[in-house]
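Hi,

Here is the structure I promised to pass on. Have a look at it first, then read my notes below.

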Amino acid sequence: MAVRIRFSRLGCRHRPFYRVVAADSRSPRNGKQLEVLGHYDPLPGEDGGKRMGLKFDRLK
């Protein structure tokens with residue numbers, strides 16, 4: 001089993017929102033995940049920037 005860090009897509013059509021997850025490399029993109037490591041919002045917010053949050057202690 002090889003663990004990969006990847007995005008899992010959430011949100012609705014034209015409004016994507018992603019979770020950063022640790023998952024088995026053989027599982028599909030939105031399949032079973034081992035742990036949620038953070039989030040990423042690619043759409044600009046009120047401040048004009050993209051938002052991302054990670055749990056750095058869990059990444060290690």
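The aromatic pairs come to 3 in this predicted model, where rings of Phe, Tyr and Trp (its six-membered ring) pair if their centres lie within 6.5 Å, and planes under 30 degrees apart count as stacked, over 60 as edge-to-face and the rest as tilted. One of them is Phe7 with Tyr40, a stacked pair at 5.6 Å centre to centre and 20° between the planes. Phe7 sits in strand 1 and Tyr40 in strand 3, so this pair ties together parts that are 33 residues apart in sequence. (Strands are DSSP runs of E with at least two residues, numbered from the N terminus.) Tyr18 and Tyr40 are stacked too, with 6.3 Å centre to centre and 25° between the planes. Here Tyr18 belongs to strand 2 and Tyr40 to strand 3, so the parts tied together are 22 residues apart in sequence. Phe7, Tyr18 and Tyr40 make up one aromatic cluster.

Two quick notes on the numbers. Residues are numbered from 1 along each chain as its sequence is written, and side-chain values use heavy atoms, with hydrogens and water left out. As the model is predicted, local features need pLDDT of at least 70 and side-chain atom pairs count only at pLDDT 80 or more, while totals for chains, interfaces and linings use all residues.

Now the strands, which pair if DSSP finds at least two bridges between them. Strand 1 (residues 3–12) and strand 2 (residues 15–24) are antiparallel, with 10 bridges; Leu10 has Phe17 in strand 2 as its bridge partner. The hairpin they form has 2 residues between the strands, and His14 takes a positive phi near 70° there. Strand 2 also runs antiparallel to strand 3 (residues 35–41), joined by 5 bridges. Which residue in strand 3 is the bridge partner of Tyr18? That is Tyr40, the residue Tyr18 also stacks with.

On a 1 Å grid over the protein atoms alone, a cavity is a set of points where a 1.4 Å probe fits but cannot get out, and lining residues have an atom within 4 Å of a point. Searching the whole structure gives 1 cavity of 30 Å³ or more. Its lining includes Arg6, Val21, Pro28 and Gly31, and strand 1 and strand 2 each supply at least two of the lining residues.

Cheers

Key
Helices (H or I, at least four residues) and strands (E, at least two) are DSSP runs, numbered from the N terminus. On a 1 Å grid over the protein atoms alone, a cavity is a set of points where a 1.4 Å probe fits but cannot get out, and a pocket is an open set with protein on both sides within 12 Å along at least five of seven lines; lining residues have an atom within 4 Å of a point. Grid points are joined across faces, edges and corners, and a volume is the space filled by probe spheres set on the points.
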